[in-house]
Amino acid sequence: MPAPVKCKGSIDTVELQSTSSMVFAIEEINNSTDLLPGIELGYRIYDSCASVPVAVHVAFQFLNRLEAQFNTGKNCSQSGVVMAVVGDSGSTPSITMSQLVSAFNIAQVSHFATCACLSDKQQYPSFFRTIPSDQFQAEALAKLVKHFGWTWIGAVRSDSDYGNNGMASFLQAAQKEGICVEYSVSFYRTNPQSRFQRVADVIRRSTAVVVVAFASFGDMKILLEELSRDPSPPRQWIGSESWVTSTELTQYSFCAGAIGFGIPKSAIPGLRDFLLNLSPTQVSASPVFTEFWEDAFNCSLKKSNTPAIEKKMCDGNEDIQNLQSEYTDTSQLRIANMVYKAVYAIAHAIHNAVCQKTNAIAKCDKLIKLQSNRVLTELKKVNFSQNGYDVSFNANGDPVAIYDLVNWQKSGSGIIEIVTVGLYDASLRVGHEFKINRNITWMEDSRKVPVSVCTNSCPPGTRKMLQKGKPLCCYDCIACPEGEISNITDSADCLPCHKEFWPNAKRDTCIPKPVEFLSFQDILGIILATFSVLGACLAIIIGAVFFYHRTTPIVRANNSELSFLLLISLTLCFLCSLTFIGAPSEWSCMLRHTAFGITFVLCISCVLGKTIVVLMAFKATLPGSNVMKWFGPPQQRMTVVSFTFIQVLICTVWLVVSPPFPIKNLTTYKEKIILECALGSAVGFWAVLGYIGLLASFCFILAVLARKLPDNFNEAKLITFSMLIFCAVWITFIPAYVSSPGKFTVVVEIFAILASSFGLIIFIFAPKCFIILFKPAKNTKKYLMNKNQS
């Protein structure tokens, strides 16, 4: 036979409290008249030493019905037959034990094994637990980290089934929440000290402020001890339930502000009195309590055989009532309540298997030979409430996941206390699982939530661009490109604005594009309108002067009727340029081009008529010529009407087939809208201009031919200069019109109208007005005849 297994290290007072809680629950059940009346439960207690080999040894012990380390001392009707197992505390020993006991259909109810892997009913069909699976805790931790905006964290874990599986679940949940992990390292209590030193160095050198620790109490204690030798920069610790609710670890003050999830604290009536009811006789009779007593009071119940380590003898005055120990601390009772519920769950399963209710009174068959598989079957169905705590199992053998959110806060005296600050209930709908009902104290006793990000948040108006070779949480903030915005923090993409909107300066919202057109409020609009009005006034004044001196030779020299008609058409030319100023509308778009085309043709027709008159008049002076009778005033009027009618016909066809219309030009400028008139039919527009150009060219040629006529017919020279200016303006207009952007297209068109109109009125009428007003002596028939004879 191998030597008896002995555990290493000192006694775990938390486990001792859990063990005593199990005994308390069994005695409470045995004294109950409602649950298993007349039937007493027995128990055997084994120490697995949190070790897999020892757990295997323990499992074989009770499966082979070997003698227990200690029991109740009472005779049982089915002595030695194991109906169910409570434990183990650790996930790894529980996994090993479950693989053995499930072969015998023995139910196993753990109070502290949280590995998500144990929910697999294919591998662990007889496993149940009263503590939630780590799957729920991992998801809760990920949501907690996300809730406070931490996207850059470090992760440490126990190198065990509990730590590895728990951290794997957390990392998977964290990835879904968009959380990045700078490092993930593992350690185990049996590792050499150098391993813990390396883990501590990783934490010290990291840039992540938040550290998530999914570790067991024993492993975490060694790591914190190593960190205490050379404290790292302030870190915000996020803990799993295995260590974050341990009062023993609160001695490490650099962990102040730690938060995490723990089993809900509870109260079990009578448990404290039971725990403290330890007489010297009871203590001496139990090796476990003897070790606890000697460690707690630093005395010895028995004289030591080793003088070198001899302690003072216990004198019986030791006061357990005032002992500060996790064994005597019943202020929160987290793990103990899980044990309490596990025992009651097994008792209810046995009760349902052997008892029946008759007239509201439970009658139990004390002689029935109960099989463990029957207890296993009934355990799946249990659903009861004990001391206000609901107990039931889902199809995976797990309870409803409810956690306390706990926070390590410094009290006024400087002692770190574990304070419940909220609740997490996985049974609530998504987004409402968290309830934080009081202030949280963070690292360094701060009330401000620490920041732990790889890169500061990208403000609205920018987007994230990942840094090459780094996690998703490490990125550069790039300004949104032209025409796009982002209106949220940490936007992955920028969104284009609607075509009629444009980003503001910060590029975080779309604002309506400014609408631009040549208005009467613009400087250019005011200048051009002024010149238009001045030109029209000038034409009217000249007309008045001509009318007043209509009987003088210089007015009558070249068909005064055409002169007055030319002045009227020039007035209309000046005024039609005003239709190009202002917001385009349907009527203004149609009017501006057609009015311009018709008035200019009328104007050129008059000039052409005057040029023909000059040529015909010269030929009429030749002997035997009667040409003037073929080009008298009626024929001149008909010529003007005919040329103008052709332009009217072209404009009418243009307006009927495809008239100009107002549009919003969104392409010339990205950041603003240009209101302008679309041509409708480009052919119609260029036909109008082409016809004007044709008449102007014809007029220019005739004027050039007539320029050397006698001085009294020198109006041909004036027409030549005016048409030269006219043609030059409109030849340069074409490239300028095509290349000018936005409202400057309209400016170019108005300028061409005004320039050509001023060219005509100045070169044709200014010299005559000068003679009429300032040289009246030259405005006589005698002067003209003498000049002609000379």
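Analyst: One term to start with: contact means heavy atoms within 4.5 Å. Also, this is a predicted model.

User: OK. Which residues does T441 touch, leaving out those up to four places away in sequence?
Analyst: T441 touches G257, N407, W408, Q409, S446 and R447.

User: Where is T441 found?
Analyst: T441 sits in the loop between β15 (434-436) and β16 (462-466).

User: Is T441 buried or exposed?
Analyst: T441 counts as buried because its relative accessible area is 4%, and buried means under 20%.

User: And what does its side chain make a polar contact with?
Analyst: The side chain of T441 pairs with the side chain of R447, at 3.5 Å.

User: Which residues of α14 are buried?
Analyst: They are G525, L528, A529, S532, G535, A536, A539, I542, G543, V545 and F546.

User: What covers them?
Analyst: The cover over the buried residues of α14 includes α15 (553-556), α16 (560-576) and α21 (744-774).

User: Now the surface. Which residues make the nonpolar patch of about 580 Å²?
Analyst: That patch is made by F645, V648, L649, V653, V656 and V657.

User: Where is L649?
Analyst: L649 lies in helix α18, residues 633-657. L649 is partly exposed, with a relative accessible area of 47%.

Notes
Residues are numbered from 1 along each chain as its sequence is written. This is a predicted model: local features need pLDDT of at least 70, side-chain atom pairs count only at pLDDT 80 or more; totals for chains, interfaces and linings use all residues. Side-chain values use heavy atoms; hydrogens and water are left out. Buried means under 20% relative accessible area, exposed over 50%, partly exposed in between (1.4 Å probe, protein chains only). Helices (H or I, at least four residues) and strands (E, at least two) are DSSP runs, numbered from the N terminus. A polar contact is a pair of N or O atoms within 3.5 Å; within protein, one must be able to donate a hydrogen and the other to accept it, and residues adjacent in sequence count only if both atoms are side-chain atoms. Patches are made of residues with over 30% relative accessible area and no salt bridge: like charges are joined within 9 Å, nonpolar side chains (Val, Leu, Ile, Met, Phe, Trp, Tyr) within 5 Å. Accessible areas come from the Shrake-Rupley method with a 1.4 Å probe; for residues, only the protein chains shown count as cover. A salt bridge is a side-chain nitrogen of Lys or Arg within 4 Å of a carboxyl oxygen of Asp or Glu.
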